[in-house]
Amino acid sequence: MALALDSSTPPFVKGTSNPATTASFSPPANAMLVALTEADESNTFSVSGGSLTWTQANTVGVAGRNSLSSWTAFTTTAPGSITVSSTKTGSFTANALKVLVFTGAETSFSGAHSVAQSNTVTITATQTGSWCWAAVGDNLGSTSDTAGAGCTYNDAEAAFGGVAGGILKRTTADGVNGSNITMSAGSSSADMSIIIVEVKAASTTAVFPLRLPLMQPIFRAANY
């Protein structure tokens, strides 16, 4: 199965509620879930929901920048209808959450991940054909930060609680093992933060047909 964003992926949640909670959604079995959180400066996060085990990959939260974090979880079986929540602890009121549901992904997250107090972030891909996604935050509340080269907004940049944020993806799953992948938005490095996650496809093992040894003919001498 090819790596793909599943149609069960819920909408981007943004506003001032704490926690920020997704609409109900029903991810399939064997799906990788990636949660990207955004808030004002100087916040920390906890993510929960679906009776899943959520593991944090990266986080950042400093004065003068947006706070961001990335989390992953895996559905061994289909959990039915669930919601996911992000609870922030820290300053001001802005709070947002995006949960992405991927099929055809690895069962245990091992992709590259990073965060930058800038509008640009670069990682070294660890799999050819991987797909990089990012959350970008603008502490000044701008909604005109254009997606950088090779990137597209999956969820357009929007203002909430005095800041702004959006969800970026690489336009195609163009990761190349050992090569750099860059994601960016806008041009103001001074007031922005960005967090990136490399989503990797499930590994495949070639299965070869069993080859039996050739049977040699057996000759028996006839007794006359």
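1. The predicted model contains zero disulfides, a disulfide being a pair of cysteine sulfur atoms within 2.5 Å. Cys132 takes part in none, and its nearest cysteine sulfur, that of Cys151, is 9.0 Å away. Cys151 is likewise in no disulfide. Cys132 is buried at a relative accessible area of 1%, and Cys151 counts as buried at 9%; buried means under 20% relative accessible area, exposed over 50% and partly exposed in between, with a 1.4 Å probe and protein chains only.

2. Basis of the values. This is a predicted model in which local features need pLDDT of at least 70 and side-chain atom pairs count only at pLDDT 80 or more, while totals for chains, interfaces and linings use all residues. Residues are numbered from 1 along each chain as its sequence is written, and side-chain values use heavy atoms, leaving out hydrogens and water.

3. The sheet. Three strands form an open sheet in the order β3-β8-β5, with antiparallel pairing. Strands are DSSP runs (E, at least two residues), numbered from the N terminus, and two strands pair if DSSP finds at least two bridges between them. β3 (20-21) and β5 (43-48) each have a single partner strand, so one side of each lacks a neighbour in the sheet. Two bridges join β3 to β8 (residues 85-90), and Thr21 stands opposite Ser85 in β8.

4. Asn43. This residue is found in strand β5 and is buried, at 2% relative accessibility. A polar atom of the Asn43 side chain lies 3.0 Å from the backbone oxygen of Ser91. Beyond four places in sequence, Asn43 touches residues including Val60, Ser67, Lys88 and Ser91, where contact means heavy atoms within 4.5 Å.

Technical notes. Helix = DSSP H or I, 4+ residues; strand = E, 2+ residues; numbered from the N terminus. Polar contact = N/O pair within 3.5 Å; in protein donor to acceptor, adjacent residues only side chain to side chain.
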